[in-house]
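Have a look at the model first, and then read on.

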Amino acid sequence: MALTLLRGMRTPVSLRSNTGLFFNVLRPRLSHFTTRAESAQATEPKAVPKSIQLATKEAAEQNTQGFEAIIGIETHVQLSTVTKAFCSCPYDYGSQPNSTVCPTCMGHPGTLPVLNERVVECAVKLGLALNCEISMTSKFDRKQYFYPDLPKGYQISQFDIPIAKKGYVDLDLPVEFGGGHRKFGITRVHMEEDAGKLLHSESGSYSQVDLNRAGVPLLEIVSEPDMRTGIEAAEYGAELQRIVRYLGVSNGNMQEGSLRCDVNVSVRPVGQSEFGTKVEIKNMNSFSEINRAIDYEISRQIMLHKEGQADQIVQETRLWDESSQKTFTMRKKEGLVNYRYFPEPDLPEVVLTTDYIDEISKSMPELPEAKRRRYENMGLSMQDVLFLANDDNVAHFFDSTLEYGADAKLACNWIMSDIAAYLKNEKLSIHETKLTPLELSELIASIKNGTISGKIGKEILFELIAKGGTVKGVIEEKDLVQIADPAAIEAMVDKVIADNPKQLEEYRAGKTKLQGFFAGQVMKASKGKANPVLLNKILGEKLNAK
């Protein structure tokens, strides 16, 4: 019944022929990452309508009277490395089960791990991005536990000496949830390997094992228990996703398991210093689910406190069920004593040099928080700032448009409205279209100097997005130059007024909203090319003439 574990097994000649041996002292070997993050809009599962989220938030606030929640998150980030953490097997999401495995990641006796140095590079990058202290010397440990998808019977992880610790992350809450700036502590960032995956039958009578994911490199980010609401926790997770995508260390796709958040929630009476019993929640596939799962769990625990049943809150792992909007018990939570950590005997210490860290630091891109502050200083609203900085592809497109001289607010308006709507409808990221920052800046300039109208500008925009080309080329090809000759516009206005005597009579009788009707008729006659400012000036004079 189980999948054949040996199917497609490869026996490589060298466990790390593509990276060389891993020495105790790492030297930098930096290169550009080829994997780019998809748009958050394209990869994040469809969000629950904000009205539901707001209702959940309001209900949670009503139920927390007299209590406060303590929330911490453990986030696992799957790294976009070519090979796994300790062997030369690749990992391709969606591959045939057990097709990218070898004796090392399958836990066969006699095999030895060899550390992929790219994992260390990614860990240092993320540690720096999270304002952490980087450990010049760290080590790997064995975390003992048995599960069918962990064939070795232990996981190679880091315990008492992680590669990074004592950091923090800054973020801005969405405007619709009250806005505001938040700062959450980071306890540690450590390297480890992933386990395989169990595929359970619908009947529940058997499970199959896929070991493709076994040995895939992970970075675990452990937060301080600084969050108090589901919204704060969800935005913390979203900020980590933005950071790993900006860095290029992971695609951060939750639906692929590239970013997984396990949430620890406890409640306590306001004023009490001791933490309550924490409960871990798993199985959340979007940030909106994280928000709702936490708010439900907070309400559940507070209700037990109020009913005098606080002893029923036990340290356990619960799963979120999206269909019922509830959490339910999965298993009792294991403690540190059960894992029986001890230093990994088959791997040397990871010793870093100052030069190595300095070179990685110099290669760091501008991160989301820095971008948000820069955009804010341009005079953009917080809503604009959050939208632009959410996706590194969008932010790069916006910045490039400004380099060609475009006005920041106008460029932002085009990107947030018509371009964003097109991308959402076509399920594309902005870098997948044929529109270039240069042509967007040319389009904005052409409208600003009166060459074309805003309406024609939209027609040209969609032409450029779908087919490419230049603004000037489309204008010339389709004869779209705006009519700015007063005499020509006056002649069209006179004809429209003459053709609509009834509407003219009603306008002069006080129905002044009909001016829009006349303007529309002139625009129709000019095929949208009449200068709107000049048109309204002449039309107003004609309609109000005695």
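## A buried serine

Serine 288 counts as buried because its relative accessibility is 9%; buried means under 20% relative accessible area, exposed over 50%, and partly exposed in between (1.4 Å probe, protein chains only). Serine 288 belongs to helix 5, residues 287-306. Helices (H or I, at least four residues) and strands (E, at least two) are DSSP runs, numbered from the N terminus.

The side chain of serine 288 also has a polar contact, at 3.0 Å, with the side chain of serine 286. A polar contact is a pair of N or O atoms within 3.5 Å; within protein, one must be able to donate a hydrogen and the other to accept it, and residues adjacent in sequence count only if both atoms are side-chain atoms.

## About the model

This is a predicted model, where local features need pLDDT of at least 70 and side-chain atom pairs count only at pLDDT 80 or more, while totals for chains, interfaces and linings use all residues. Residues are numbered from 1 along each chain as its sequence is written, and side-chain values use heavy atoms, leaving out hydrogens and water.

## A hairpin

Strand 8 (residues 197-200) pairs with strand 9 (residues 207-210) in the antiparallel sense over 4 bridges; pairing requires that DSSP finds at least two bridges between two strands. Lysine 197 has aspartate 210 in strand 9 as its bridge partner. The hairpin has 6 residues between its strands, and glycine 204 in the turn has a positive phi of about 80°.

## A lysine in a loop

Lysine 427 is not a glycine, yet has a positive phi of about 55°. Lysine 427 sits in the loop between helix 11 (408-426) and helix 12 (437-448), and counts as exposed because its relative accessibility is 70%.
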